[in-house]
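Okay, thanks for coming, everyone. Let me put the model up and then walk you through the parts I picked out.

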Amino acid sequence: MWHNIQEQQKNSTISMLNLNEYNENLNNSDDLLYYSHDKIWKILVYDTEGQNILAPLLKVGNLRQHGVTLNLNIKKIRNNIPEVNAVYFIDNNKENLDLIVKDMTNNMYKSYYINCLSYIDENNLEYFASECIKHNIVSYVTKITDRYLKFISLSNNTFSLNMPNCYHILHDTNDILIEETMHKITEGLVSLLVTLGVVPIIKVSTNDTYPSKMLAEKLHKKIYELINLRSTNNYVFNSKNKQRPLLILIDRDIDLSVMIQHVWTYQALIHDVFDIRLNKISLGNKNVIESQKDGPTSITNTTNNTTIGTNTKEQFYDMNNDDFFFQNNYYKPFPEVANNISECLNEYNEKMKSINKCESNNNISSNNNINNNNQNNSSSSSNVNNNDENSLTQDLMFAINQLPEMSEHKRLLDMHTNILTELIKNIKERNLDMFYENEFDFENSNEKVCIQYMNNIFNSTKGNNNDKYRSFLYLYLTKKKNITPEIIENYIKQLNNLNIDTSSLYFINQMDNIKSMQININTNTQENNPLNNNTSFNNNNNNRMINTGINNNNTYNINNTNNSLSFKKHLNTYSNIFIDKGFHLLQEAKNLLPKKREIKISKMIELLIDNKQTQLNDKFIYIDPTFPLNNNMQKVRIKQEAINECIIFVVGGGNYVEVAALRDLEDKIHKKIIYGSTDFVRPDNFIQELNALGKIFTT
């Protein structure tokens with residue numbers, strides 16, 4: 001049985017809100033006013049981090065279903081409601097504890113249920129206890145609980161620790177800040193494992209300079225402590241699934257290029273162009289579809305409509321697990337998603353026609369029955385009419401029951417039509433398809449072809465300066481050894497003339513001097529590398545038939561032309577907004593056929609799970625947290641068949657390109673893969689981190 005991290009975190013959160021288990025003997029008349037059936041009405045108080053955790057899990061309506069009348073930030077001004085229970089969901093720090101003490105001193109609420117995001121350390125617990133004794137408020141505290149929920153589940157198999165700038169921090173020279181960051185990462189991963197109720201086998205690099213190695217040791221220590229030293233917490237790892245998952249800790253340094261490359265899959269493209277925070281995206285749209293305005297309300301602290309220009313509003317959309325279209329398409333190439341929205345709109349229109357037909361037939365039949373009854377009062381005629389009426393009533397009831405579902409279905413399709421339309425505009429304005437295609441060809445072309453492509457990018461009037469710098473960095477990371485220093489220096493001068501900060505190059509050069517992991521991913525013998533039989537890259541530098549529909553003789557490929565015509569046919573069925581603004585732009589941008597890159601992390605994970613004798617696997621060790629710290633499993637090899645579930649955690653930042661690649665790998669190897677990182681970082685933001693590090697190495 002595979003784990004659903006979002007569902008299990010949601011269940012743990014609901015358990016926190018369910019106060020019945022604490023008040024089973026509730027029978028005082030004063031309390032009955034605030035007790036309704038299975039609900040005990042309460043106020044939810046959280047800090048900003050707790051709010052971020054709850055945002056993808058529960059909407060305001062969901063909270064109300066579980067008895068929450070108000071949800072408030074602990075640092076905001078709040079009114080006294082001394083008759084109601086208060087549930088606190090806060091991080092473990094003295095500032096929050098002082099605010100709770102202040103609330104109890106002021107008699108803000110009736111009773112206090114204090115829930116820590118992860119676990120409360122002994123020093124803070126002693127401090128809180130002494131403050132309660134000092135102010136004579138000990139009796140106000142009903143319960144203090146370690147919740148181990150300090151991570152953000154973005155989907156059933158994706159999570160984030162919401163720690164921005166982590167890559168910069170871990171490569172900085174501030175040892176105190178590095179130690180604090182590693183402690184927070186450990187807290188987050190322990191919270192994930194406790195929520196799932198599992199003790200994993202850890203697989204990590206042997207390189208002591210990597211942050212992942214330090215993280216593995218801290219995880220080992222904490223998990224061992226929970227299992228063996230804190231006897232009251234033995235229940236934390238309580239999964240019914242006896243098979244232990246494999247936790248692979250990966251450092252961002254193994255592949256920097258994936259963080260800056262241009263993308264073509266749906267979720268990654270949305271993140272690149274608009275950003276995705278806590279499963280929420282925002283975009284400026286002059287033609288907001290009205291059905292979106294009444295969408296579900298989130299507890300996140302955002303403004304629904306903010307003016308960003310003349311007649312333009314910033315529209316927010318939630319990308320949730322119940323979004324059927326997004327769940328089926330987030331990992332697919334953009335043109336394929338555009339084709340799928342067309343098919344879904346066609347299906348919706350056909351269902352609505354069927355429903356409308358039922359209603360129409362019912363009205364016609366009702367009129368006929370009235371006329372027949374006026375002309376013929378025989379019992380046999382009456383029976384026939386009754387049967388017809390029953391059948392029509394059933395059809396009508398079915399149609400009515402379908403309307404709420406169809407309304408939500410249409411709302412989601414309208415939302416994705418809006419998003420696709422805005423994406424097409426950006427593809428057109430920035431020429432994103434050209435950047436993606438050229439970077440794709442960098443991987444499989446010689447240096448002369450790469451230089452030509454790069455020159456075309458610099459000479460292009462499309463795309464912003466950051467897009468050009470991203471392509472140059474991608475070329476620099478993938479082909480640096482094959483291009484002369486003079487050409488590189490010429491490109492740097494061109495970037496400087498565009499007022500682009502190129503400080504990141506200093507850091508990349510420094511990393512090249514100390515990094516050795518990257519070369520091990522592809523340096524396996526043919527018989528030991530399962531990728532050799534599956535890689536289909538064409539080494540012909542001039543062959544670009546993969547995606548453009550053009551063959552070596554510069555004539556259009558017939559098959560690709562047919563695909564393009566089929567694509568156009570589907571696009572013609574879009575809603576009016578998409579036809580007017582979408583298809584024309586996409587047609588001019590290029591009729592690209594779907595294609596995906598080979599992502600380094602997917603190759604790496606496949607080899608690590610396969611666990612055969614390779615140079616890569618020789619660079620990794622196993623650690624079993626159920627044994628003492630000095631006992632690891634360096635020479636033990638676990639069979640692939642023994643692993644059904646794998647948790648991948650990237651230290652230093654992740655991206656949705658890797659999410660899509662691992663989704664494909666999951667289908668290939670038939671194993672559950674959970675992907676998480678310290679944060680999901682947009683390419684522009686990651687370049688800012690690299691530039692900041694580069695400035696350190698130049699001073």
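**Buried helices, cores and packing**

So, helix α15, residues 432–442, is mostly covered, with 11 of its 11 residues buried. Buried here is under 20% relative accessible area, exposed is over 50%, and partly exposed is in between, with a 1.4 Å probe and protein chains only. Helices are DSSP runs of H or I with at least four residues, strands are E runs of at least two, and both are numbered from the N terminus. The buried set in α15 includes Asp433, Glu437, Glu439 and Asp441, along with Leu432, Phe435 and Phe442.

Quick housekeeping: this is a predicted model, so local features need pLDDT of at least 70, side-chain atom pairs count only at pLDDT 80 or more, and totals for chains, interfaces and linings use all residues. Residues are numbered from 1 along each chain as its sequence is written, and side-chain values use heavy atoms, with hydrogens and water left out.

Helix α23, residues 600–610, is also mostly covered: 11 of its 11 residues are buried. Among them are Lys600, Lys603, Glu606 and Asp610.

Zooming out, the protein chain has 26 helices and 17 strands, and 53% of its 699 residues are buried. Taking contacts (heavy atoms within 4.5 Å), residues 24 or more positions apart account for 82% of those with a separation of 6 or more.

Now, the cores. A nonpolar core is a set of buried Ala, Val, Leu, Ile, Met, Phe, Trp, Tyr and Cys residues joined through side-chain atoms within 4.5 Å. How many residues does the largest one have? It has 123, and Ile605 and Phe472 are among those with the most contacts inside it. Helix α14, residues 379–430, gives the most to this core, with nine residues. There's a second, separate core of 37 residues, including Met163 and Ile674. Back to Phe472: leaving out residues up to four places away in sequence, Phe472 touches Met454, Ile488, Tyr491, Ile492, Leu495 and Leu505.

On to helix pairs. Axes are lines fitted to C-alpha atoms, for helices over the stretch in contact, and angles run from 0 to 180 degrees between N-to-C directions. Under 35 degrees counts as roughly parallel, over 145 as roughly antiparallel, 65 to 115 as roughly perpendicular, and the rest as oblique.

Helices α17 (465–479) and α26 (683–698) pack at about 65°, axes 11 Å apart, which makes them roughly perpendicular. On the α17 side the contact uses Asn466, Tyr469, Arg470 and Leu473, and on the α26 side Pro683, Asp684, Ile687 and Asn691.

What about α11 (266–273) and α25? Their axes come within 8 Å and cross at roughly 175°, so the two helices are roughly antiparallel. Gln267, Ala268 and His271 of α11 meet Tyr656, Val657 and Val659 of α25.

Last stop: Gly654, in the loop between β16 (645–651) and α25 (656–669). Is Gly654 buried or exposed? Buried, because its relative accessible area is 0%. Leaving aside neighbours within four places in sequence, Gly654 is in contact with Arg252, Met259, Tyr675, Ser677, Asp679, Phe680 and Val681.
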